[in-house]
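I opened the notebook to look up the disulfides in this model.

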Amino acid sequence: CDVWREQAVRTIVGLQPQVVIMGSASTYPFSKAEWQDGTRELFNQLLPYVGQIKLIAGTPRLDFDGPRCLARRDWLSKSLPDTHESTCSRELRSSESWSWLREVASEYSKVRFINLSQYVCPASICSAKIHDTIVYRDNQHLTVDFVLAHKEILGKQLSDPVQAPDR
């Protein structure tokens, strides 16, 4: 990761884009200080050369593989017709990294933190399937169909201007 990240920073600095969209998994076993110091270091390397940074929170995780759960539920429902949709759902668990990254982002006038968990897990319930759309392609990655169904929401979040934080 270090070699890739260093090359990515060099490439971004060379391009000097108006907007950089960043994200990461929220499951890395870093401490608060490691999350925040590493994020600050990256922001400090990039911000002199970019217009703004949009930092997207990691996707909420399931405790199980979404498609496998759906397949198992479908199979079980043939013999147990009362098998409920909720068998492939769980309550949203906030990641500590979300609040840590939000804190760091608020220190920079050209950074906006975006957390889309309310769309991935409406009413704080994370499900392998919402209505007729499969949400997860495993336990943490979203399906293309789900993302495309929410492209207007993501587009709005990404196009909203970064505003200086209230101090």
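The entries below go through the disulfides one at a time.

Entry 1, ground rules. I noted that this is a predicted model, in which local features need pLDDT of at least 70 and side-chain atom pairs count only at pLDDT 80 or more, while totals for chains, interfaces and linings use all residues. Residues are numbered from 1 along each chain as its sequence is written, and side-chain values use heavy atoms, with hydrogens and water left out.

Entry 2, count. I looked for disulfides (pairs of cysteine sulfur atoms within 2.5 Å) and found 2. With the bonded cysteines numbered in sequence order, I wrote the pairing down as 1-2, 3-4.

I read C69 in helix α3 (residues 66–79) and C88 in the loop between α3 and β3 (89–91), so the pair, 19 residues apart, links distant parts of the chain. Helices (H or I, at least four residues) and strands (E, at least two) are DSSP runs, numbered from the N terminus. The S-S torsion is about -100°, so I recorded this disulfide as left-handed.

Are C69 and C88 buried or exposed? I took buried as under 20% relative accessible area, exposed as over 50% and partly exposed as in between (1.4 Å probe, protein chains only). C69 is buried at 7%, and C88 is buried at 2%. C121 is buried at 1%, and C126 is buried at 0%.
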